[in-house]
Amino acid sequence: MTIRSVMSMKMMITGDVHGRFEVLRDLIKKEKPRMVIVAGDFGFFPRVKGFSLDRMNDLDIPIYWCDGNHEDFLSLKEITPIYGSKPVSIKENIYYCPRGSTLSIGSQKILFAGGAFSIDKDIRTPMWDWFSCETLDESILSLKSNWEGITTVVSHTCPTFCKIEEQIFNLCPLPDPTRGVLDQVFDIAKPREWFFGHWHESYTVEYEACVFHGLSMIHHYYDMSYIVKDLS
Ligand SMILES: [Fe+2]
């Protein structure tokens with residue numbers, strides 16, 4: 001997917017939404033971006049009573065989201081495969097970005113690589129709020145012919161060389177196969193910038209000329225949960 005016009009285009013990239021669409025809506029009204037990207041855990045649970053994206057209707061800007069480990073993959077897969085080459089419209093102005101898909105905006109080419117392991121999966125219900133396909137696998141690498149010229153990656157968790165669990169939480173590395181696959185994505189795509197959520201913490205590190213931005217969960221009063229980039 002290509003967006004050519006970037007006149008005064010502000011792009012907002014956020015951490016986890018977890019279905020708090022009213023907070024996302026308020027942040028959009030405050031920052032007035034021309035487009036939004038969510039780095040997973042959008043909170044797509046259409047089988048849950050009361051779930052609605054209607055409250056985003058009047059914003060009139062596109063929202064692109066990759067999957068995290070808190071989405072209803074059963075419902076999502078009824079709409080689209082979770083690996084694919086381009087964003088898929090699931091509602092007016094709301095686009096799901098499959099694992100391996102790309103979005104070109106002016107000089108930026110963004111690669112999406114959603115998915116992550118749930119440490120709390122034992123207290124969740126399979127096929128309702130937990131799904132075995134939550135982790136990223138090497139299927140994404142079959143899409144690499146589309147990745148020439150990638151400038152930016154948006155994923156839910158981060159590669160193994162981002163030592164966030166040791167540096168922020170003082171934990172040993174957690175068993176998530178997603179992160180080894182993201183290492184391979186990094187080696188192939190060679191982006192300059194990378195955004196991720198999942199850890200609910202703000203975190204920045206540079207690795208091999210790429211700046212990694214970890215974003216907190218969105219909050220009305222905590223602006224470390226998003227970054228606004230001016231693409232003009
Ligand atoms: Fe997550």
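Here are some notes on this predicted model, point by point.

1. Ground rules. Residues are numbered from 1 along each chain, following the sequence as written. Because this is a predicted model, local features need pLDDT of at least 70 and side-chain atom pairs count only at pLDDT 80 or more, while totals for chains, interfaces and linings use all residues.

2. Overall build. The chain has four helices and 13 strands; these are DSSP runs numbered from the N terminus (helices are H or I, at least four residues; strands are E, at least two). A compact globule of 232 residues would have a radius of gyration near 17 Å, and the chain's 16 Å agrees with that. That radius is taken over C-alpha atoms, and the globule rule is 2.2 Å times the number of residues to the power 0.38. Along the principal axes, the C-alpha atoms fill a box of roughly 45 × 45 × 35 Å.

3. The sheet. Look for six strands in an open, mixed sheet, ordered β5-β6-β4-β3-β2-β13. At the edges sit β5 (88-91) and β13 (226-230), each pairing on one side only. Two strands count as paired if DSSP finds at least two bridges between them. Strand β2 (residues 10-14) runs antiparallel to β13, with five bridges, and K10 stands opposite D230 in β13.

4. A helix on the sheet. Helix α1 (residues 21-31) packs on the sheet and touches β2, β3 (35-38) and β13; its direction makes about 150 degrees with that of β2. For such angles, axes are lines fitted to C-alpha atoms, for helices over the stretch in contact, and values run from 0 to 180 degrees between N-to-C directions. Contact means C-beta atoms, placed from the backbone, within 7 Å.

5. The core. The largest nonpolar core has 48 residues, and A39 and V154 touch the most other members. Such a core is a set of buried Ala, Val, Leu, Ile, Met, Phe, Trp, Tyr and Cys residues joined through C-beta atoms within 7 Å. Buried means 20 or more other C-beta atoms within 10 Å of a residue's own, exposed means 12 or fewer, and partly exposed is in between, with C-beta atoms placed from the backbone. Helix α4 (residues 177-189) gives the most to this core, five residues. Leaving aside neighbours within four places in sequence, V154 has contacts that include I13, I37 and F195.

6. D60 is not a glycine, yet has a positive phi of about 60 degrees. D60 counts as exposed because it has 8 C-beta neighbours inside 10 Å. E208, also not a glycine, has a positive phi of about 45 degrees and lies in the loop between β11 (203-207) and β12 (210-214).

Definitions and conventions: Two residues are in contact if their C-beta atoms, placed from the backbone, lie within 7 Å.
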